[in-house]
Amino acid sequence: MARIAGVNIPTNKRAVIALQYIHGIGQKIAGEIIEKAGIPLDRRVNTLSDAEVLQIREIIDRDYMVEGDLRRDKSMNIKRLMDLGCYRGLRHRRSLPVRGQRTHTNARTRKGPARAIAGKKK
């Protein structure tokens, strides 16, 4: 099992698909990495040589922010918005939708389960 960016990627899948198991690498970036490394798109991870795995690892370390660094950067950006007290920061702080969605009837995922209003009877 190849270990890239602290993640064990599956060995029986194609390299392009297996790279997508790393947080921060999607379909497009995985294709770019494989192309930069000069590896055919249909190669599977278990057929990659150690030199090719090392080359992929170096490309990712050099050119892309993935896993822990990316997660830390995202959380620092959200924390910065909250400290500024801007609208988006206030929405994050209150656990409400940030991007303008309606909250009158929807947004149950973000707001959590509905709570009954005390004193209201039908």
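A: Let's start with contacts, meaning heavy atoms within 4.5 Å. In this protein, 42% of the contacts with a separation of 6 or more are between residues 24 or more positions apart. Keep in mind that this is a predicted model, where local features need pLDDT of at least 70 and side-chain atom pairs count only at pLDDT 80 or more, while totals for chains, interfaces and linings use all residues. Residues are numbered from 1 along each chain as its sequence is written, and side-chain values use heavy atoms, with hydrogens and water left out.

Now the overall layout. The protein has six helices and two strands, in the order β-β-α-α-α-α-α-α along the sequence. Both kinds of element are DSSP runs, numbered from the N terminus: helices are H or I with at least four residues, strands are E with at least two. The radius of gyration is 21 Å, whereas a compact globule of 122 residues would come out near 14 Å. That radius is taken over C-alpha atoms, and the globule rule is 2.2 Å times the number of residues to the power 0.38. Along the principal axes, the C-alpha atoms fill a box of roughly 70 × 35 × 20 Å. Of the 122 residues, 30% are buried. Buried means under 20% relative accessible area, exposed means over 50%, and partly exposed is in between (1.4 Å probe, protein chains only).

Time to zoom in. Helix 2 runs over residues 27–37, and its buried residues are Ala30, Gly31, Ile33, Ile34 and Ala37. They sit on the same side of helix 2 because they cover an arc of only 160° around the axis, judged by the directions from the helix axis to the C-beta atoms.

From the point of view of Ile56, contacts beyond four places in sequence include Ile33, Ile34 and Ala37, along with Ile4, Leu19, Ile39 and Leu48. Ile56 also belongs to the largest nonpolar core, which has 23 residues; Leu19, Ile22, Ile56 and Ile60 touch the most other members. Such a core is a set of buried Ala, Val, Leu, Ile, Met, Phe, Trp, Tyr and Cys residues joined through side-chain atoms within 4.5 Å. Two or more residues each come from strand 1 (2–4), strand 2 (7–9), helix 1, helix 2 and helix 3.

What comes after helix 2? Gly38 follows, with a positive phi near 75°. Further on, in the loop between helix 2 and helix 3, is Arg44. Arg44 is partly exposed, at 40% relative accessible area.

Last stop: Glu52, in helix 3. Glu52 counts as buried because its relative accessibility is 17%. The side chain of Glu52 reaches the backbone nitrogen of Ser49 at 3.0 Å. Beyond four places in sequence, Glu52 touches Ile39, Arg43 and Thr47.

Key:
Polar contact = N/O pair within 3.5 Å; in protein donor to acceptor, adjacent residues only side chain to side chain.
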